[in-house]
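This report describes selected features of one protein model. Please keep the sequence and the structure in view while reading.

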Amino acid sequence: MINIVLFGPPGSGKGTQSKRLLEKYNMSYISTGDVIREQIAKGTPLGMQVKNLSEQGILAPDELVIQLLESKMNEASDTSGFLFDGFPRTYAQAEALDQLLAKRKSSVHTMLALDVPQDELLKRLLRRAEIEGRKDDTEEVILKRFKEYESKTMPVIDFYRKQGKYHRIEGVGSMEEIFGRLCTVIDTLH
């Protein structure tokens with residue numbers, strides 16, 4: 001079982017690359033964004049709470065995200081591994097993920113961190129907002145997300161760096177180039 005954390009700021013291409021990685025490596029996909037959007041679409045109390053926070057550019061609390069994640073992991077009984085997209089976002093979540101995987105007698109094998117300059121990220125997210133009609137992708141909210149990412153999420157890199165599992169991946173270039181960079185690291189894990 002190979003477990004990968006795909007990491008990067010909003011707009012770095014995690015969703016796009018995840019789809020390709022899942023096809024190639026036959027893994028179970030866990031995207032906190034998808035899980036949260038599913039809860040919002042269903043109109044659950046949890047979903048409405050997260051929606052309110054998201055529209056303000058605030059990340060969902062760790063306890064909430066961890067509950068959603070564990071539930072999703074339990075749904076995937078026969079898998080060759082997990083690809084985590086958008087999780088962990090905090091040091092506490094990284095520790096919780098290690099504990100969840102330890103219960104399954106496994107661990108995170110690598111963190112692949114997509115690195116994209118902030119001006120490029122802003123362009124990508126504003127373009128996505130226009131195409132998809134996403135209300136939460138205003139420039140003000142995007143910039144607030146970047147600040148949240150830097151203050152709360154960047155320490156996660158140190159968590160995996162200390163374990164020797166961190167790999168910085170250049171996130172600018174064609175989809176194929178970026179995919180190739182990701183696969184090069186993953187293929188060394190087999």
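## Two exposed loop residues

N26 counts as exposed because its relative accessibility is 59%; here buried means under 20% relative accessible area, exposed over 50%, and partly exposed in between (1.4 Å probe, protein chains only). N26 lies in the loop between α1 (14-25) and β2 (28-31), where helices (H or I, at least four residues) and strands (E, at least two) are DSSP runs numbered from the N terminus. Its phi is near 50 degrees, a positive value in a residue other than glycine.

K105 is located in the loop between α5 (91-103) and β4 (110-115). K105 is not a glycine, yet has a positive phi of about 55 degrees. With 78% relative accessibility, K105 counts as exposed.

## Basis of the model

The model is predicted: local features need pLDDT of at least 70 and side-chain atom pairs count only at pLDDT 80 or more, while totals for chains, interfaces and linings use all residues. Residues are numbered from 1 along each chain as its sequence is written, and side-chain values use heavy atoms, with hydrogens and water left out.

## A buried residue in a helix

Q17 belongs to helix α1 and is buried, with a relative accessible area of 3%. Leaving aside neighbours within four places in sequence, Q17 is in contact (heavy atoms within 4.5 Å) with L6, M175, I178, F179 and L182.

## The nonpolar cores

A nonpolar core is a set of buried Ala, Val, Leu, Ile, Met, Phe, Trp, Tyr and Cys residues joined through side-chain atoms within 4.5 Å. The largest has 30 residues, and F84, L97 and Y160 have the most contacts inside it. Its largest share, 6 residues, comes from α4. Apart from this core lies another, of 17 residues, including M27 and L112.
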